[in-house]
There are 4 protein chains.
Amino acid sequence: MDFQAILDEIDDELRPRLDAVEGKVASYIPALARVSPRQFGIALRTCAGETAAAGDAAVPFSIQSMSKVFSLTLAIRALGEAMWDRIGREPSGSPFNSLVQLESERGIPRNPFINAGAIAVADRLVSQGDALAELLALLGRLCGEPIHVDAEVAQSEADTGFRNTALANFMKGFGTLDNDVAEVLDVYFHQCAIAMSCEQVASAAGYLCRDGRHPLAGTPVLSAAQTRRVNALMLTCGTYDAAGEFAFRIGLPCKSGVGGGIMAIVPDRLSLCVWSPALDATGNSWLGRQGLELFVTKTGLSVF
Amino acid sequence: MDFQAILDEIDDELRPRLDAVEGKVASYIPALARVSPRQFGIALRTCAGETAAAGDAAVPFSIQSMSKVFSLTLAIRALGEAMWDRIGREPSGSPFNSLVQLESERGIPRNPFINAGAIAVADRLVSQGDALAELLALLGRLCGEPIHVDAEVAQSEADTGFRNTALANFMKGFGTLDNDVAEVLDVYFHQCAIAMSCEQVASAAGYLCRDGRHPLAGTPVLSAAQTRRVNALMLTCGTYDAAGEFAFRIGLPCKSGVGGGIMAIVPDRLSLCVWSPALDATGNSWLGRQGLELFVTKTGLSVF
Amino acid sequence: MDFQAILDEIDDELRPRLDAVEGKVASYIPALARVSPRQFGIALRTCAGETAAAGDAAVPFSIQSMSKVFSLTLAIRALGEAMWDRIGREPSGSPFNSLVQLESERGIPRNPFINAGAIAVADRLVSQGDALAELLALLGRLCGEPIHVDAEVAQSEADTGFRNTALANFMKGFGTLDNDVAEVLDVYFHQCAIAMSCEQVASAAGYLCRDGRHPLAGTPVLSAAQTRRVNALMLTCGTYDAAGEFAFRIGLPCKSGVGGGIMAIVPDRLSLCVWSPALDATGNSWLGRQGLELFVTKTGLSVF
Amino acid sequence: MDFQAILDEIDDELRPRLDAVEGKVASYIPALARVSPRQFGIALRTCAGETAAAGDAAVPFSIQSMSKVFSLTLAIRALGEAMWDRIGREPSGSPFNSLVQLESERGIPRNPFINAGAIAVADRLVSQGDALAELLALLGRLCGEPIHVDAEVAQSEADTGFRNTALANFMKGFGTLDNDVAEVLDVYFHQCAIAMSCEQVASAAGYLCRDGRHPLAGTPVLSAAQTRRVNALMLTCGTYDAAGEFAFRIGLPCKSGVGGGIMAIVPDRLSLCVWSPALDATGNSWLGRQGLELFVTKTGLSVF
């Protein structure tokens, strides 16, 4: 397939819809609210190393919850199966930052992609060493270039992260966080504020479509079985409370972030990232989602 | 791959574990509680028409919730996208017969595979005609031989189906069932009591791995897009509150039933059914699940 | 105190407000929806036997949930402390017909005044004999004249009682109802459809302000301790999800019904009933509540 | 009534039960866990100024949640009806530190006696000035002697108060706290650590049985209507998830604390405090509750 042509078509087709984007911008933190919503980018990288990109694919944006895939990867590398001792693997059926299920399940988050789960993953990484430095180092190796945190966004996350502070203290009260709440949240707020472009994310996610082996990273990032499992989690839990809808309409493992990015994996074929800042009611990128739907329609790629 | 050899290996490897099966038998209805738990069967049918089977693959059993895939198929055929007007597509994060989510979501079931959702599907079918006859006719065409309801099981379902009666009345109170509660439940209790063997289920599910076209059925059962969506639903919602775990460990669209059967789809390759009556704590077949794990380990087949 | 003068004042003061009553009529069953909302009645009976009444105090109306006080009384008489084995005594913090708490508490209703609890009470009475006949006989003795069911309302309850049918089947599924669901619901639907006037209700409730002894009934209806406990339940659980607000503003044990009636007890002083069909958002009589507030303001009577 | 004789009888009757107290000590904070459970005290003060006391009635203990009555009193004095703008008055039907209801009700606590509600009250007081100093000054005036915070307990509360920190951040995230979370929690943790004896609490609560007028305080503490409402809240919400049971068995407005104290009000008669450190499963004083039951049995005092 001529992927560059396909991405160009998608960009051509969707860009006019940016005119309708007003009123849909994420506003929960000031630093994100300032991003212009009139941007759309898409990039992919095939297992064979081919790349394609269109639109604002080189513009860095806040990866937010997409960082959860990479922090989970680090935690699986460090802990193996023990990673799952106090973090579940089931869809939550509830909003991503809900405390209800956390209460009925005694501080054990449903999965690593809801906020509570990602905070629990950060806690495991803090026990292993300098979590943020490790995460940035991994991303740097995967992208072949240095990756940084947007300090202003990180500060904004910390200043307004009352719900996440509640989640962390709630788990600490149940005894399911090992480390100091402030230290764990500091990692979490910084990982959410990492800035990457579509091209970088598509590149970094490459190991997820190649059984855990990344072309630049050299040694395997994850085993083949571990990689399949991360993909399974992305498909069932990666897009907030719209995971069923994504599976139904797009049929690929995806992970979204409130920065407007969505990464998607076609196993044995390619890794892809789409970005557009305005969000729909489920917290997923409004135009990014349309871009993914177009991509699977045009290519016929789907795991189903 | 030599599928017959693989199924024989799985049967050889798992059959000794039947000695440990006591205490795990489903007992919620007397007619199911009487089934001997010391049975294990597995059968598959490839897209090319090849079949393989081992163990008790020819023994008929109560398909229970696996029937929900076929009733959903009928409803999609009849209603198209309108099927989804009052039935969601998201994992529930709650037990299969929970009323909590149904209450907070005003009588709209989360998906067609929880009991409330399947009762809502039955309601739509009742509006179309003789729902049970249609369902048996579809299964007969797909299997190439007549399929029947086990009348004793159906009666047992009706006699003890208080929770399902509650669910149906609850939806009726919200105005999300169109037909008479008793009539809808009669269809639902009978569809759960349909008896089929592993070989028959594997054959009937053939359209789900062939883009909706079944070799015996002649005309397409579903469109390619509809088929992908049913598979997506099976993966995210098909195995009660263990869907994440199934995606994580098995990585295939599956649908289980409390009769001990589990059907699984490998898109573009094959459809498969495994059966063993004893259930684990999640309500899925205890040994069937192990059979599926062995199958994916031995074959490397997975959508991820 | 000159209670007749006080009730006349209340009627004079509130009657003009009936002009604002439109749009507030209960409509969940047709037979209730037909009642003219432009009615207001109030009646009381002191421990010394004095009576007072104003407005539409002699007009019979559907007592609905107020019947739960009398069925509870019958059940306590029959079972004593064993009445409480499978029915709680705590406020629910949830709407009166919620299934959520019933699910998390395994079919044990929170208290006898939510619908599930009253259905459980009806179940206990069915085990004792002809529950409805016993209830009507008790009310007849307490009022000194025959009391009847409004057959049209009872039929309407049965025709539209999907939520209550759900609750009853839900409990039956948990094994916390002993008798046939249909038989229990038949009692419940009929008790809700009993028709009484404010004067009759005020008279019937007389034992609740006289330590369980009713002037007409002869022998004690309940013991003093049992009576105090029924009053405590009325105060904490008697007015749906507004019990705290009633305690806060009115400060008397009350029990309301969606027919628009509210009975109230001033221990050692009097029993009172107010009625006006239009309901507020909490399901309590809109003008009846104002009548009660006026009564306590004018008399200074309160348990606090 | 000879109250001194009655309290002596209660002490005589209950003291032997202290032998059975092991295993019931509260342990959620170390400073409380060290208190010897083999203590029981009871004290009362009538409206006429008569006092009576028995057992360990002069031993200071941590008043914990009983402080919520006094902080609420301060807030009502400062804000009047506006106090209730963002705090409800309904029983919660959930554990005292639950986040579930707070989530579904968007950060508005159900009532001022659950932890979230008391934290919200502390927030309002912080907006008024030096909340802790005001509270200690009020208690000092009511008791006629200085009242202090136990600094070790306050520190212990802060060190282990993860759940309360979660609640406060959760509300802050909903925008229902006005002040800095740390500042509000500092007040809350200190008010819980106030140390008072049964005699002091019984004296301090005197205004609640005298229509808001306290013999020592001079000017009215609350208006008569405000006082009735505080009592109503105590009865419906004052004893965690056992408020219905307390109303049912004891029938008095009560407020308990996990330090083992319970204060009770007999309107127009007396205020009372009982204390014994070991707790029952509902978090209320195990022996204190028995003491209250004995008191109402012996005196016949009850609001019902």
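## Basis of the description

Two residues are in contact if their C-beta atoms, placed from the backbone, lie within 7 Å. The model is predicted: local features need pLDDT of at least 70, side-chain atom pairs count only at pLDDT 80 or more, and totals for chains, interfaces and linings use all residues. Residues are numbered from 1 along each chain as its sequence is written, while chains are lettered from A and ligands numbered from 1 in the order in which they are written.

## The interface of chains C and D

Chain D contributes 29 residues to the contact, and chain C contributes 29 residues. On the side of chain D that touches chain C, the elements giving two or more residues are α11 (224–237) and α12 (243–249) of chain D. The largest share, eight residues, comes from α11(D). (Helices are DSSP runs of H or I with at least four residues, strands runs of E with at least two, numbered from the N terminus.)

Of the interface residues of chain D, 100% are also interface residues in chain C, so the copies meet through the same surface.

## Symmetry

A rotation of 180 degrees with 0.0 Å of shift along its axis places chain D on chain C, with RMSD 0.0 Å (least squares on the C-alpha atoms of residues with pLDDT of at least 70 in both). That is the relation of a two-fold axis. D:Gly93 is the residue of chain D that comes closest to the rotation axis, at 2.3 Å (C-alpha).

## Chain A

The secondary structure of chain A comprises 13 helices and eight strands. The C-alpha trace of chain A spans about 50 × 45 × 35 Å along its principal axes.
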